[in-house]
Amino acid sequence: FAKRRDQRELLVVCQRNFRKYIALRDWGWFMIIQRTRPLIGLPNPEEELRILEEEANIKYGEYENKLVTKAKLLEENAIIEDEKKQLLAQIEKEQGNLSQYHEKQAKLSAQKADLENQLIDLQNLLQDTEQQRVQATSDKKELDAECTTIKKDIEDIEIAIQKLEQENANRDHIIRSLNDEIANQDEVINKLNKEKKHIAENG
């Protein structure tokens, strides 16, 4: 009798585990993992945009400084040209030596050319940075649209999960009812067996 009771209990456990397997093999969490996996490790477009804007502001500040320096040098060059005229006039009178003046003019011309090259490089860098900022803004819009779609999918999945959980709760209730009924039947069978044994012993 104990062996049969153990077999019945084992059968109930097997049935319960099989029902759980059937209910969970299409579990909604698997869908959530598959939907959200592409999002893992994605860069933050807002942070990249902020960094690019900071770099653009820094480069633009350097660009403005170079413009001021260029204007200052042009002003100094104009002054030097005036000085040159005065010196030429003085030289014509005094027949002085122009070597120092020419050396200074050559240095200033070289410095001016170098600053102009730097200005061109900064302008190109500023243009590249602006293009990167525009691209980052476009990427951010695309990511926002994709995130909106994924959020909608997640909401749909959450609704499906709630339905599955409700179904599991209903199945658990049914299983508990069946277990209670089986327990009652076992109790009745035990009583009948005891009565049968008692009758057999007294007979």
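**Salt bridges and helices**

Mentor: The structure holds four salt bridges, a salt bridge being a side-chain nitrogen of Lys or Arg within 4 Å of a carboxyl oxygen of Asp or Glu. Keep in mind that this is a predicted model, where local features need pLDDT of at least 70, side-chain atom pairs count only at pLDDT 80 or more, and totals for chains, interfaces and linings use all residues. Residues are numbered from 1 along each chain as its sequence is written, and side-chain values use heavy atoms, with hydrogens and water left out.

Trainee: What is the secondary structure of the protein, read along the sequence?

Mentor: Helices (H or I, at least four residues) and strands (E, at least two) are DSSP runs, numbered from the N terminus. The protein has four helices and zero strands. Along the sequence that reads α-α-α-α.

Trainee: Where is confidence lowest in the protein?

Mentor: pLDDT is the predictor's confidence in each residue, from 0 to 100. The protein has a mean of 78, and 78% of its residues reach 70 or more. Confidence is highest in H4, at 85, while the lowest mean, 56, belongs to helix H2 (residues 28-36).

Trainee: Why care about a low value?

Mentor: Think about what you'd do with the coordinates. Where pLDDT is low, they should not be read in detail.

Trainee: Which residue forms a salt bridge with Asp 144?

Mentor: Look in helix H4 (residues 99-202), where the two partners are four residues apart and therefore separated by about one helical turn. Asp 144 is partly exposed at 36% relative accessibility; for relative accessible area, buried means under 20%, exposed over 50%, and partly exposed in between (1.4 Å probe, protein chains only). The closest N and O atoms are 3.1 Å apart, and the partner is Lys 140.

Trainee: What is the N to O distance between Asp 156 and Lys 152?

Mentor: Those two are four residues apart in helix H4, so about one helical turn separates them. Asp 156 is partly exposed at 37%, and Lys 152 is partly exposed too, at 44%. Their side chains meet in a salt bridge, N to O, at 3.1 Å.

Trainee: How many residues apart are Lys 191 and Glu 187?

Mentor: Their side chains meet in a salt bridge at 3.9 Å, N to O. Glu 187 counts as partly exposed, at 43% relative accessibility. Both residues lie in helix H4, about one turn of the helix apart, and the spacing is four residues.

Trainee: Is Thr 129 buried or exposed?

Mentor: Thr 129 sits in helix H4. Leaving aside residues up to four places away in sequence, Thr 129 touches Leu 52 and Ala 56, a contact meaning heavy atoms within 4.5 Å. At 6% relative accessibility, Thr 129 counts as buried.

Trainee: And Asn 57, buried or exposed?

Mentor: Asn 57 is found in helix H3 (residues 45-94). The C-alpha atoms of Asn 57 and Leu 126 are separated by 9.1 Å, with the two 69 residues apart along the chain. With 55% relative accessibility, Asn 57 counts as exposed.
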